[in-house]
Amino acid sequence: MQDRVLGAIQQGSRGFARTAPPTMVSACVAVISSENRLLALRRSLAVRTFPGQWTVGINESMKYSDEPGREEDLFGLVRRGLQEELGMEEGDYGKVAISWLGWSNAAGCYVLVASVRSTLRSSEIDESRNRCHSVYEHDLTAWLPITRSQISKIIENSEPGPDRIHNWSYLAPLVASEVWRFRDVV
C-alpha cells in the first residue's frame, strides 16, 4: 500500500489527481450557482455519518477498486458526486477546481476539497436534486451569499447552520475557506 501511495505521489500533482488512490478519499465539493450563491446542505437524520450537520456543498466517498463500477480518479469522484447527489451533468458546471487534499483523522481517510461554478440557477439545482437518487442524504438546502461575513461565520463555526439549530460539520470551515480563497478562480 505504501509503495502505491508513494508511486502515485511521485507522478506529481497532476498525475496523482488522475490516478485512483490506493486508499479511501472523501470529496467535499462546493457548488456555486450562476447567481453566485453557495450551496449548503443539512445531512439527513437517516444517514449514518454526521446526521443533522450542515455541509458546504456535497460530500461523496470514492469507490474502492473491489466495489461495483470502475476505479475513479479524483475528478471522476467529483463528477460522480455531483451527478448522484445533485443530478448535475458535466454541462451544468464549469471546470472542477481541486484546491486541497489532506488526511482527516476524524473521518479516517483522505479528504479533498473542490469547487465548481454551475451554469444553473439555485432553483434549477434544487429541482434537479429533488429528482436524483441520493436525495435522501440531505433534508434541507440553503443558498448562501459568498460574502466575507458569511464565509467568516462558517470558518469561525461560531453559530449553528442556516436552520439555526444544527451545527456545521467539522469540514465546513475548511471548505468555506477554500471557497473564499478560490472565489475568483472558479
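Phe50 and Tyr170 form a tilted pair, with 5.4 Å between centres and 50 degrees between planes. Phe50 lies in the loop between β2 (37–43) and β3 (54–56), and Tyr170 in the loop between α5 (148–156) and α6 (172–181), so this pair ties together parts 120 residues apart in sequence. Helices (H or I, at least four residues) and strands (E, at least two) are DSSP runs, numbered from the N terminus.

This is a predicted model, in which local features need pLDDT of at least 70 and side-chain atom pairs count only at pLDDT 80 or more, while totals for chains, interfaces and linings use all residues. Residues are numbered from 1 along each chain as its sequence is written, and side-chain values use heavy atoms, with hydrogens and water left out.

I then checked accessibility (buried under 20% relative accessible area, exposed over 50%, partly exposed in between; 1.4 Å probe, protein chains only). Phe50 is partly exposed at 35%, and Tyr170 is partly exposed at 33%. Trp103 and Tyr110 form an edge-to-face pair, 5.2 Å centre to centre with 85 degrees between the planes. Trp103 is partly exposed at 44%, and Tyr110 is partly exposed at 27%.

I noted Arg183 over the face of Trp180, at 3.7 Å from the ring centre; the rule asks for NZ of Lys or CZ of Arg within 6 Å of the ring centre and within 35 degrees of the ring normal.

Next I examined strands β5 (97–104) and β6 (109–117), which pair antiparallel over seven bridges; pairing requires at least two DSSP bridges. Ile98 has Ala114 of β6 as its bridge partner. The two strands form a hairpin with four residues between them, and Gly108 in the turn has a positive phi of about 70 degrees.

Which residues touch the most other members of the largest nonpolar core? I found Val31, Val78, Leu82, Leu86 and Leu112, among 26 residues. A core is a set of buried Ala, Val, Leu, Ile, Met, Phe, Trp, Tyr and Cys residues joined through side-chain atoms within 4.5 Å. Helix α3 gives the most to this core, six residues. Val78 touches Ala27, Val29, Val96, Leu112 and Ala114, leaving aside residues up to four places away in sequence; contact means heavy atoms within 4.5 Å. A second, separate core has 23 residues, including Ile32, Ala142, Leu144 and Ile154.

How values were computed. Phe/Tyr/Trp six-rings, centres within 6.5 Å; stacked < 30°, edge-to-face > 60°.
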